[in-house]
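Visitor: I would like to learn how to read charged side chains in a structure. Where do we start?

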Amino acid sequence: RNSERPVWASPGQQSTPKKTRGPDPVQSERSEMSSNDVMAQSPTIIVKIAGNDQIRRWTAKADQVTFAALEQRVSETFKTPKFTLTYKDDEEDDITLGCDEELADAIALSLKSEPSVLRLKLTDLRRSDSVDSTAGSEPPQPKSNAPPSGQPVTGAAPPPGRPTAA
């Protein structure tokens, strides 16, 4: 019986079976600790931010990314104190981030994909203020001699004081 060796033993190696009563308590504790350590580890995400004609990328533990830390990193990296961050949700809507709760939703969504990438778009409000300074006001209308829409275009207008032939 002892001449039979288990599959994992090398050809010259003899295996002596252990007489045990239940699982080895030391081994069980080690297994439990390693599975708890794995479960305690936060998943890693890739953070990509595109804006100001550049893309920045870094990796981070998902549970260590906060809105305040993200704001600080973006402000320093992109050299802009005034900006917004948006991401595309699972319905392809552009969602603006403004707090930790919204960031947590974005991270949870990114963790559903493999690799887990949090893709953010930076809008530098300094640049958009200078470009869109007329936002909300009426754009200037070009001057035209064309009649208002809905009226037929006819020949030259008669001089003032002369009746028009119908």
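Guide: Start with the naming of elements: strands are DSSP runs of E with at least two residues, numbered from the N terminus. The model here is a predicted one. In this model, Glu92 lies in the loop between β3 (83-88) and β4 (94-97).

Visitor: Is Glu92 buried or exposed?

Guide: A residue counts as exposed when its relative accessible area is over 50%. Glu92 has 57%, so Glu92 is exposed.

Visitor: Which residues form the negative surface patch?

Guide: Asp and Glu are counted as negative. The patch consists of Asp90, Glu91, Glu92 and Asp93.

Visitor: How should I read a salt bridge, and how many does the whole structure have?

Guide: Side chains of opposite charge can pair when their charged atoms come close. A search of the whole structure gives two salt bridges. One of them joins the side chains of Lys88 and Asp94, at 3.0 Å from N to O. In the other, between Asp124 and Arg126, the closest N and O atoms are 3.3 Å apart.

Visitor: What is the accessibility of Lys88 and of Asp94?

Guide: Lys88 is partly exposed, with a relative accessibility of 45%. Asp94 is exposed, with a relative accessible area of 53%.

Visitor: And is Asp124 buried or exposed?

Guide: Buried means under 20% relative accessible area. Asp124 has 4% relative accessibility, so Asp124 counts as buried. Its partner Arg126 is partly exposed, at 42%.

Key: Residues are numbered from 1 along each chain as its sequence is written. This is a predicted model: local features need pLDDT of at least 70, side-chain atom pairs count only at pLDDT 80 or more; totals for chains, interfaces and linings use all residues. Side-chain values use heavy atoms; hydrogens and water are left out. Patches are made of residues with over 30% relative accessible area and no salt bridge: like charges are joined within 9 Å, nonpolar side chains (Val, Leu, Ile, Met, Phe, Trp, Tyr) within 5 Å. Accessible areas come from the Shrake-Rupley method with a 1.4 Å probe; for residues, only the protein chains shown count as cover. A salt bridge is a side-chain nitrogen of Lys or Arg within 4 Å of a carboxyl oxygen of Asp or Glu. The place of a charge is taken as NZ of Lys, CZ of Arg, CG of Asp or CD of Glu. Helices (H or I, at least four residues) and strands (E, at least two) are DSSP runs, numbered from the N terminus. Buried means under 20% relative accessible area, exposed over 50%, partly exposed in between (1.4 Å probe, protein chains only).
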